[in-house]
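Thank you all for making the time this morning. I would like to walk through one structure with you, looking at charged pairs, then a helix, and then aromatic rings.

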Amino acid sequence: MCREHPLKILRYSAKNIWLLIFPLIRGVYTYKFDKDWFYSWVSGAWFDIAVLAAIILVGLVRWLFSRIYLTEEELVHRDGVFVRVNTFIPIRNISSVTVERPFFMMPFGAIRFRCDTRAGIFKTVDLKLLIGKKALKKIMQHMPDIDEKKKIDDISQPNTLSVLIFSALFSSGFSGTVYLATFFFKGGDIAYDIIMHSLNILTEETEKLTEKLLLKIPTAAIFIGVFFIASWFLSFLVNFFRYGRFNIDFDRSCTRVSYGILERKEYRIKNSHINYTDLRQNLLMKVRGAVAVNISCAGYGSSKNRMPVLLPVRKEKNLGEKFEIIGIYGGKKNKYSAQPAGICSYLLIPLMVASLIIPTYDWAARIFPKLVELSLFFAVMLEIPAIWFIIVKFVALMTSGVAFYEDKIIIRCSKWTKFHTVVSTREKVVKIELEQNLLQAMSGRCAFSIWFEGEEHTRYKIKAMKAEEVRKIADMLGYKIGEKVKT
């Protein structure tokens with residue numbers, strides 16, 4: 001039998017611990033430099049202190065009733081005082097184990113432990129514990145792990161450069177904006193003063209720059225550009241510190257992944273419980289033949305703002321046969337491909353968007369002549385990603401398709417500006433769909449969608465496939481699709 005770490009007392013009391021602010025404020029307000037100050041403070045705040053002591057006492061009682069039991073077959077957590085909750089996790093059903101070592105908990109020796117099974121949806125974790133080193137050692141002896149004697153040797157580990165490239169390619173200004181917003185709302189007046197002071201300096205400097213260089217770029221436009229660059233850079237730094245010191249080892253039954261510079265995380269993943277692997281690329285990575293490998297497995301990447309990355313950026317040709325053990329296949333050609341004749345299904349919307357930007361700018365400039373420079377700036381800035389999107393969709397048309405390799409099915413498709421190569425076993429396909437409108441039915445083409453097992457049911461869709469070939473794919477997967485599809 002084990003107990004959780006004593007820090008869990010504060011966690012149990014966290015809902016009401018904010019009441020501590022009242023006696024603290026009273027103490028600061030009545031503070032005087034005399035020997036009787038502490039007695040006066042206690043006399044005035046005794047009721048608040050008593051309430052706080054009661055809250056902590058309730059947390060202590062809950063902690064005493066929280067117990068962990070281990071058997072050869074189960075991990076059991078018993079929790080609750082008046083309403084007892086017993087959580088039973090069969091060890092054979094555990095898909096992944098997560099061990100987190102936050103830097104701020106290191107002085108206390110506290111460690112976050114999580115384990116998850118394939119039960120449940122929406123990335124809910126089956127069991128969360130805050131434990132010490134001794135309890136962790138006992139629990140991990142029963143968890144899935146690599147057999148050191150059977151471990152695959154000579155696996156080239158991701159280096160610092162690959163993590164840097166991964167962080168650069170998969171960071172976004174939107175994520176950085178979320179971090180800034182969190183800092184702003186949690187920092188209150190201090191954050192407000194810092195941001196406003198920075199904005200004033202930035203506005204003054206950009207006005208001087210535009211005057212000296214005779215640029216017709218509005219100050220607001222420059223500020224927006226600088227803001228999103230700074231947001232992206234913040235997201236880049238977060239990802240680099242999050243995924244730095246990346247290490248992966250595996251044998252035929254288990255994979256062990258660890259990463260993090262400040263907050264170290266270690267995962268143990270049961271290979272047979274991996275739903276599918278997802279080799280992700282953007283256009284630049286596609287041109288260079290590089291991929292970042294993600295996986296779908298219960299519990300892996302379920303923490304907040306974590307991507308389920310199994311390998312940072314790596315050349316697809318360098319993956320090798322060793323990685324096929326964990327479902328990573330590279331260089332397999334499509335057996336059934338999207339048809340170039342269906343180009344409209346890929347390019348129609350991107351071409352329409354790109355062609356409407358300039359007329360929209362002209363219309364806005366006529367209605368709001370004072371904003372003509374700002375409107376031109378936004379038109380140019382929107383036209384660039386629109387053209388980029390056209391190129392992405394054209395490449396998707398030429399590369400999307402389906403391949404079969406042994407008992408595996410390989411799906412190549414695109415979502416927005418990302419390319420996906422999804423690899424899974426045929427048995428883990430849970431749903432397929434054939435879509436046709438009237439024109440597609442007349443031309444013998446269709447859109448093919450497929451879903452795999454997983455906590456999140458993600459759709460992978462390939463447009464402009466031959467309907468005849470989709471029916472063959474369905475037959476190979478054990479599904480029957482009729483000759484005619486209603487429109």
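**Charges, a helix and rings**

Let me begin with Glu100, which has a relative accessible area of 2% and is therefore buried. Please keep in mind throughout that this is a predicted model. The partner of Glu100 is Lys265, and their side chains meet in a salt bridge with 2.5 Å from N to O. Because Glu100 belongs to strand S5 and Lys265 to strand S10, this pair ties together parts that lie 165 residues apart in sequence. Lys265, too, is buried, again with a relative accessible area of 2%.

That pair is one of 15 salt bridges in the structure. Another joins Arg62 and Asp79, at 3.7 Å from N to O, and it links distant parts of the chain, since Arg62 sits in helix H3 (residues 37-64) and Asp79 in strand S3 (residues 74-79), 17 residues apart.

Let me turn now to helix H4, residues 133-140, whose buried residues are Ala135, Leu136, Ile139 and Met140. These cover an arc of only 125° around the axis, and so they lie on the same side of H4. The face turned away from that buried side carries the exposed residues Lys133, Lys134 and Lys137. As for what covers the buried residues of H4, strands S5 and S10 are among the elements included, and these are the strands that hold Glu100 and Lys265.

Finally, the rings: how many aromatic pairs does a search of the whole structure find? It finds 17. In one of them, the rings of Phe103 and Phe104 have centres 5.7 Å apart and planes at 85°, so that pair is edge-to-face. By contrast, the rings of Trp232 and Phe236, with centres 5.6 Å apart and planes at 15°, are stacked. Those two residues are four apart in helix H7 (residues 219-243), which means that about one helical turn separates them. Trp232 is partly exposed at 30% relative accessibility, while Phe236, at 13%, counts as buried.

Charges and rings also come together in this model: Lys415 lies over the face of Tyr460, at 4.3 Å from the ring centre, and the charged end of Lys431 sits over the ring of Trp451, 4.5 Å from its centre.

Technical notes:
Residues are numbered from 1 along each chain as its sequence is written. This is a predicted model: local features need pLDDT of at least 70, side-chain atom pairs count only at pLDDT 80 or more; totals for chains, interfaces and linings use all residues. Side-chain values use heavy atoms; hydrogens and water are left out. Rings of Phe, Tyr and Trp (its six-membered ring) pair if their centres lie within 6.5 Å; planes under 30 degrees apart count as stacked, over 60 as edge-to-face and the rest as tilted. Buried means under 20% relative accessible area, exposed over 50%, partly exposed in between (1.4 Å probe, protein chains only). A charge sits over a ring if NZ of Lys or CZ of Arg is within 6 Å of the ring centre and within 35 degrees of the ring normal. The arc is that of the directions from the helix axis to the C-beta atoms. Contact means heavy atoms within 4.5 Å. A salt bridge is a side-chain nitrogen of Lys or Arg within 4 Å of a carboxyl oxygen of Asp or Glu.
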